[in-house]
Amino acid sequence: MIQSASRGPDRTKRGGLQQAGRPGFAWSLPAVAFFAFFALLPLAVAIYLSFTKYNGIRLLPPKFVGLDNWSRLLTDDALHRSIGVTLTLIVLAVATQLPVSLLIGVWAAGPQRMRALVAALYFIPLLMSTAAVAVLWASLADPNFGVPAVLNGILGPNNVFSNLLGKPATALGLIVFIYLWGASPLHTLIYQGGARAIPEVLYQAASVDGAGRVRQFFSITLPQLKNTIVTSTILMVVGTFTTFDLILILTRGGPSGGTSNLPFFMYDRGVTALDFGYGSVVAVVLIALATVVSVVLVRATRYDEMQGTQEGL
Amino acid sequence: MHTRTRPNWIAGIFAGIWLLIILVPVYVMLRASFESRATYAQKGPLALPSEFTLGNFAYAFDQGFGKFLLNSGIVAIGTVLIVLVLVPPLSFAIVRSRSRSVGVVFRLMLFGLAIPAQVVVIPVFYLIDRIGLYDSLLGVILPTAAFIIPLATLIVSGGMREISNELYEAMAIDGATSVQTFFRLVLPLSKGGLATIIVFSALNAWNGYLLPLVLTRSADLRVATLGLGVFKQEFSLNIPGLMAAIVMTVLPILLIYIFARRALIRGLMGVGGK
């Protein structure tokens, strides 16, 4: 590993045996062509469609309308509200999932057999698709046939749980809670793995020094899990950012747009309303945001540095 | 943590409460799915089990769930096949090729990691419609597979990097071509990574919602996730029927969990936020 990744492999001094059996660029072509057509071309098409009027009907091809769709970006209050909803959901999702999955994951990493068994039960929501989770919780939250009907008997009628989906604040709260239920088992698993990798000696040394449990958590466990926390937080942000099916099935963006995040907004105003041009504007905004997230992701997890270690050896 | 023998009661209680929060909805789902509508309406969601009927599963089947599950299976298998054919050669090139262009390809994959399929559903619809694949399962499979390629490539190439240089040199001394090296050395040593991407791709395809929603229209092309959404829309009062339908969509994943637990967990880690 003398050469750095940025200078690339030194191909002048090596040859013969070093080159034998190495794949050429052609090996990557089928995948690259396929990926370019179905994943990269759509990015360009999104930009093109954002300057057109297009209602998704083959007989009426996209018609160029200049900046008409883009000018709505600044004046559409519903869109601005969606951006707010998206950011609120991301903040609340991280604020709830991070502490719960971190604490549960570290707890489950303990040596007791019981904990491993319980950890397997925590895993159950991961067997369900988001659509299945959404339908299950929609039924549980149903005011007449779900848990609220039971709670009405205990807490009296018209308590806070009676109509969770009726008010934007409680509907958002329910969505965040369902995220927590459905997604935190994955992060628990990640933290469990991370905590198991912390060298036992560190805790032994701390015990000798008289550090208590809380002190050990904050001065050993947390710092040692720093990379895990970064990775898992980014996964939470990406997951929340692109959630669509939960909102479509549970609230359809309601009440009065209070739970309409950007992907749902794009579907609702673009696909359902047959306004694919404006939907493409939202798509371009989403792609730009996703790219920012990606840059952070690549930096934080150092995926790009992995390339330097073995490539071209 | 062996040194800390004193039991941690606070953590234990918190873990227990969390376990209840996880399990109660699962219990409600399982119990309701085996109970008639009348019993469920009378006893509510939280009662103890008092009846056993398979009527809800028969009902879900009548609503087309057999067909929906089959469609999901076709989409999952198709996606896995495409990923399996395309990703290993690409990963091999990324890890072993000396070509500068391959470095560009690797960066492209890192960029692709960021684009979730949902975000580009409108332009994907436009493309799929233009090539005449709108309202077909193949039209769902192709973009689903494309968006899996970046992460699958990272997983598989990560495994291929672990293959030692001596093994490659031994192949080279035997005069092996790149094709022989690939099939006799690289593929057999990449089994773990391949198992992971099989499960990862299948889960991704199985859980997909927005792509099939926008790219298909016919009721008999519905995948299971869409079927659940429509079922909830039309029969939200039949909770036992809905729960049975959910259980049916969970069963295939449960089978993977039982038979390929390690690959499933690694596949899930790749999924990230779903």
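The model is predicted, and local features are described where pLDDT is at least 70, side-chain atom pairs count only at pLDDT 80 or more, and totals for chains, interfaces and linings use all residues. Residues are numbered from 1 along each chain as its sequence is written, while chains are lettered from A and ligands numbered from 1 in the order in which they are written.

**Chain A as a whole**

Select chain A, which has 14 helices and 2 strands; helices (H or I, at least four residues) and strands (E, at least two) are DSSP runs, numbered from the N terminus. Of the 313 residues in chain A, 41% are buried, where a residue is buried if 20 or more other C-beta atoms lie within 10 Å of its own, exposed if 12 or fewer, and partly exposed in between, with C-beta atoms placed from the backbone. Among the contacts in chain A with a separation of 6 or more, 66% are between residues 24 or more positions apart; two residues are in contact if their C-beta atoms, placed from the backbone, lie within 7 Å.

Next select A:Leu246, which lies in helix H11 of chain A and counts as buried because 25 C-beta neighbours are inside 10 Å. Leaving aside residues up to four places away in sequence, A:Leu246 touches A:Thr130, A:Ala134, A:Ile175 and A:Ile178. A:Trp137 is 109 residues from A:Leu246 along the chain, and their C-alpha atoms are separated by 9.6 Å.

Move on to A:Ser256, in the loop between helix H11 (245-250) and helix H12 (262-272) of chain A. Most residues other than glycine have a negative phi. A:Ser256, although not a glycine, has a positive phi of about 45°, and this residue is exposed, with 11 other C-beta atoms within 10 Å.

**Where chain A meets chain B**

Axes are lines fitted to C-alpha atoms, for helices over the stretch in contact, and angles run from 0 to 180 degrees between N-to-C directions. On the H1(A) side, A:Ala31, A:Phe34, A:Phe35, A:Phe38 and A:Ala39 meet B:Leu142, B:Pro143, B:Ala146, B:Phe147 and B:Ile149 in H6(B). By class, this contact of H1(A) with H6(B) has 10 nonpolar, no polar and no charged residues.

Then select B:Asp135, in the loop between helix H5 (121-130) and H6 of chain B. Phi of B:Asp135 is near 60°, a positive value in a residue other than glycine, and B:Asp135 counts as partly exposed, with 14 C-beta neighbours inside 10 Å.

**The two domains of chain B**

Colour chain B by domain, with domain 1 at 1-53 and domain 2 at 64-271; the bounds come from an automatic or database domain assignment. The centres of domain 1 and domain 2 of chain B, taken over C-alpha atoms, are separated by 33 Å. Between them, 8 residues of domain 1 of chain B are in contact with 7 residues of domain 2 of chain B. On the domain 1 side, the elements that give two or more residues are helix H1 (9-33) and helix H2 (37-43) of chain B, and the largest share, 4 residues, comes from H1(B).

**Helix H12 of chain B and two partners**

Select H1(B) and H12(B), which pack at an angle of about 110° with their axes 8 Å apart and are therefore roughly perpendicular to each other. Angles under 35 degrees count as roughly parallel, over 145 as roughly antiparallel, 65 to 115 as roughly perpendicular and the rest as oblique.

Finally, select helix H11 (residues 224-234) and helix H12 (residues 239-259) of chain B, which pack at about 175° with their axes 10 Å apart and are therefore roughly antiparallel to each other. The contact is made by B:Ala224, B:Leu228, B:Phe231 and B:Lys232 of H11(B) and B:Leu242, B:Ala245, B:Ile246 and B:Thr249 of H12(B).

How values were computed. Ala, Val, Leu, Ile, Met, Phe, Trp, Tyr, Cys and Pro count as nonpolar, Asp, Glu, Lys and Arg as charged, and the others, Gly among them, as polar.
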